[in-house]
Amino acid sequence: MSTSASSPAPIPTTASVPTSAMDQPRGVVLENDRVRLEPLGPQHVEGLREVVADGEIWRIPYAPHVPSPEQVADTVVAQRASDDAGRTVSWAVIDRSSDRVVGHTTFLNLSLRDRRLELGTTYMAGSTHGTGLNAATKLVLLTHAFEQLASLGVEFRVHHLNIASRRAVERLGAQQDGILRAHRIMPDGTLRHTVVYSILADEWTGVKTSLEHRLRG
């Protein structure tokens, strides 16, 4: 039977993906040779005060998620409440060579049905910048997201003027998806355009290999 010239062309099908929802991420200890991630708790408050004071990173423009030393205790309480409600999962980052707290990071914007999450609200002590500890932290978290939780995508959201963070996300191998214009009103009244990046499950093997190579170097 011939096909009419007006008949639509077949629509290509995409590769099949899991139809079940992703498991709810939990606060578990994660680690590799460089860092240990511990579920955030009150025992990390003093360490995080030292983290934000190290280089006064709470004064860095375009990073309002970094609390001042005086705000750390309250933000830990608020973050714990969000974690307990299942909205987020937060960790304190421990440098295994010194066993001291060097940072904070979170899984947020959990979309279990679509098997996606955002990795964000990360901050690291100023003295750790350029040491590879942030890359080691991302390697642990991304491995957990893709290999244990079977996420289909991990997202990163960055202030459009935070060039250092944008470059750091790009060095991970994340691809820019777009920009949410006039996305948020910042505490100082300015508008933030949010640059959205992501890493997809089928890109993870290459990203992992690149990160491991960076850390060996």
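Predicted model: local features only at pLDDT ≥ 70, side-chain atom pairs only at ≥ 80, totals over all residues.

**Helix 1 and its setting**

Analyst: Helix 1 itself covers residues 45-53, and its buried residues are Val-45, Gly-47, Leu-48, Val-51 and Val-52. Viewed down the axis of helix 1, these buried residues fall within an arc of 155°, so they line one face of the helix. The cover over the buried residues of helix 1 includes helix 2 (72-84), strand 4 (100-111) and strand 5 (116-124).

Read from the N terminus, the order of elements is β-β-α-α-β-β-β-α-β-α-β-β-α. Of the 217 residues, 41% count as buried. Among contacts between residues at least 6 apart in sequence, 61% join residues at least 24 apart.

A helix pair elsewhere in the chain provides the context requested. The axes of helix 3 (residues 133-148) and helix 5 (residues 204-216) come within 10 Å and cross at roughly 155°. An angle over 145° counts as roughly antiparallel, and helix 3 and helix 5 are therefore roughly antiparallel to each other. Their crossing is left-handed. Helix 3 contributes Ala-135, Ala-136, Leu-139, Leu-142, Thr-143, Phe-146 and Glu-147 to the contact, while helix 5 contributes Trp-204, Lys-208, Leu-211, Glu-212, Arg-214 and Leu-215. By class, this contact of helix 3 with helix 5 has eight nonpolar, one polar and four charged residues.

Terms used
Residues numbered from 1 in each chain as written. Heavy atoms only, no water. Axes fitted to C-alpha atoms, helices over the stretch in contact; angles between N-to-C directions. Helix = DSSP H or I, 4+ residues; strand = E, 2+ residues; numbered from the N terminus. Parallel < 35°, antiparallel > 145°, perpendicular 65-115°, else oblique. Left-handed = near helix turned anticlockwise from the far one by under 90°. Contact = heavy atoms within 4.5 Å. Nonpolar A, V, L, I, M, F, W, Y, C, P; charged D, E, K, R; others polar. Buried < 20%, exposed > 50% of the residue type's maximum accessible area, 1.4 Å probe, protein only. Arc of directions from axis to C-beta.
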